[in-house]
Every structure is written in structure tokens, then in C-alpha cells.
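Please have the sequence and the model open while reading.

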Amino acid sequence: MTDANDLLTRVAAKAEASSGPLPPPASAEAVAEAERTLGFALPPLLARLYREVADGGFGPDYLLLPLTGQGRTVLGEYASERASSAGEATPYWPAGVLPVLDWGCGMYAAVDCREETGTVLLFDPNALDDDGADAWFVDAGDLATWLETWLAGTGWYREDDDGGDATPDPMPWEAAAGRIAEDSPEPGRVGRA
């Protein structure tokens with residue numbers, strides 16, 4: 001088990017070294033307000049990242065989105081994806097799964113907020129088929145492991161990786177179909193987890 005305090009210290013150091021000037025951390029009030037808006041709590045480690053490291057702007061390649069504020073945010077992307085999913089014949093975005101990083105080409109790293117440890121998922125709309133679940137993969141079993149992979153420079157997303165010590169490619173998220181079916185939102189509603 002990773003010590004959260006040690007992990008946050010190492011994440012903050014790498015964030016400052018590799019991302020340049022960081023935005024200030026989100027206040028405890030901003031995190032609490034985001035949770036009220038969402039209707040569910042963030043996993044403890046995710047909340048601490050936003051409160052103690054920075055309000056986005058660090059992490060793998062394309063960097064974590066800010067929680068709230070101007071421009072693209074976690075809350076805005078979540079509401080947008082939930083609304084788009086609700087408008088589709090085959091819904092694809094389950095409640096409680098927050099997009100935290102945009103990989104480009106419509107792909108997201110997302111955190112399952114129904115899991116206290118925050119399973120990190122990969123959403124790849126290019127894999128959408130007849131079932132919205134086809135687009136979901138498990139990137140890491142928990143947020144701490146995902147962050148450790150970034151710190152070690154061994155993520156699947158590393159373009160310069162020779163395959164030696166990289167983490168394996170994400171595997172299908174077995175729970176995706178059930179989660180999508182159980183909580184497909186009504187059109188126009190962000191929804192509760």
C-alpha cells in the first residue's frame with residue numbers, strides 16, 4: 001500500500017519539475033462545492049491531489065484538467081459527456097466516472113468515483129461499437145498505482161517506450177456494461193452516482 005502523504009510529495013515534486021508553474025491548489029470549499037454539484041464525493045486521493053498539489057495542470061502527457069473554473073474542467077467535461085451519452089441510442093458514459101485528463105481524439109483518463117481507491121479508466125470512443133461498454137478499459141486498478149506509473153515513466157502512453165518496463169495495455173472494463181445500464185441519465189440531467 002502506497003503512503004498517500006509520500007505519494008503526494010513525490011507527485012508535487014515531479015509536477016513542479018516537469019509542468020512549469022502550476023495553478024494554485026483548489027480550496028477545500030471549491031472541492032466541496034464540486035462534490036455538491038456532482039452529487040457524489042471524489043475519492044480521497046483525487047480530492048487531495050486537487051487540494052494539495054494543484055488544480056490540474058500536471059500529470060501524464062496532456063495534464064490533468066482543472067476541477068472547476070474557466071475553460072475545460074472536470075465538471076464541465078463530465079456534464080458534457082453525460083448529456084451526450086444520454087442523447088445516444090446506446091448510452092456510453094456511466095454516472096460517477098469523472099474525466100480527469102483528455103488524451104486527445106476524444107479519449108479520456110477517468111476516475112471511477114464509486115470506488116474509494118479511484119479505479120482509473122480509459123475511455124476510447126474509437127472503440128465504440130454496438131455497446132457503449134466497448135469503449136471502456138481499466139488503465140490502473142487505483143489512482144495511486146496510476147500516479148506511480150506516471151512517476152516511474154512506464155505508462156502505456158509513453159511514445160518513447162521500447163516495451164521493456166512499460167505497464168501492459170489497458171484491459172476491457174468488465175463492469176462497464178452494467179454500470180452504463182444501471183444509471184443511464186435522463187436527457188438534460190447530469191445525474192447522481
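Q: Is R36 buried or exposed in this predicted model?
A: Exposed here requires a relative accessible area over 50%. R36 has a relative accessible area of 53%. The residue therefore counts as exposed.

Q: Which residue forms a salt bridge with R36?
A: Side chains of opposite charge can pair when their charged atoms come close. For R36, the closest N and O atoms of the pair are 2.9 Å apart, and the cut-off is 4 Å. The partner is E33.

Q: How many residues apart are R36 and E33 in helix 2?
A: An α-helix has 3.6 residues a turn, so residues three or four places apart point the same way. R36 and E33 both belong to helix 2 (residues 28-38), about one helical turn from each other. E33 is partly exposed, at 40% relative accessibility. The separation of R36 and E33 is 3 residues.

Q: Which residues of helix 2 are buried, and what arc do they cover around the axis?
A: The buried residues of helix 2 are V31, A34 and L38. They lie on the same side of helix 2, because their arc around the axis is only 60°.

Q: What covers the buried residues of helix 2?
A: On the other side of helix 2, E29 and R36 are exposed. The cover over the buried residues includes helix 3 (44-53), helix 4 (74-86) and strand 1 (97-104).

Q: Which residue just after helix 2 takes a positive phi?
A: Helix 2 spans residues 28-38. The phi just after helix 2 is about 90°, and the residue is G39.

Q: How many residues apart in sequence are the parts that R10 and E148 tie together?
A: R10 and E148 form a salt bridge, with their closest N and O atoms 2.5 Å apart. R10 lies in helix 1 (residues 4-19) and E148 in helix 5 (residues 143-152), so the pair ties together parts separated by 138 residues.

Q: Are D112 and R179 buried or exposed?
A: The side chains of D112 and R179 meet in a salt bridge of 2.8 Å, N to O. D112 sits in strand 2 (residues 107-112) and R179 in helix 6 (residues 176-182), 67 residues apart. Both D112 and R179 are buried.

Q: Which residues do salt bridges with shared partners join into one network?
A: R10 is partly exposed at 30% relative accessibility, and E148 is partly exposed at 23%. The network consists of D6, R10 and E148.

Notes. Residues are numbered from 1 along each chain as its sequence is written. This is a predicted model: local features need pLDDT of at least 70, side-chain atom pairs count only at pLDDT 80 or more; totals for chains, interfaces and linings use all residues. Side-chain values use heavy atoms; hydrogens and water are left out. Helices (H or I, at least four residues) and strands (E, at least two) are DSSP runs, numbered from the N terminus. Buried means under 20% relative accessible area, exposed over 50%, partly exposed in between (1.4 Å probe, protein chains only). The arc is that of the directions from the helix axis to the C-beta atoms. Contact means heavy atoms within 4.5 Å.
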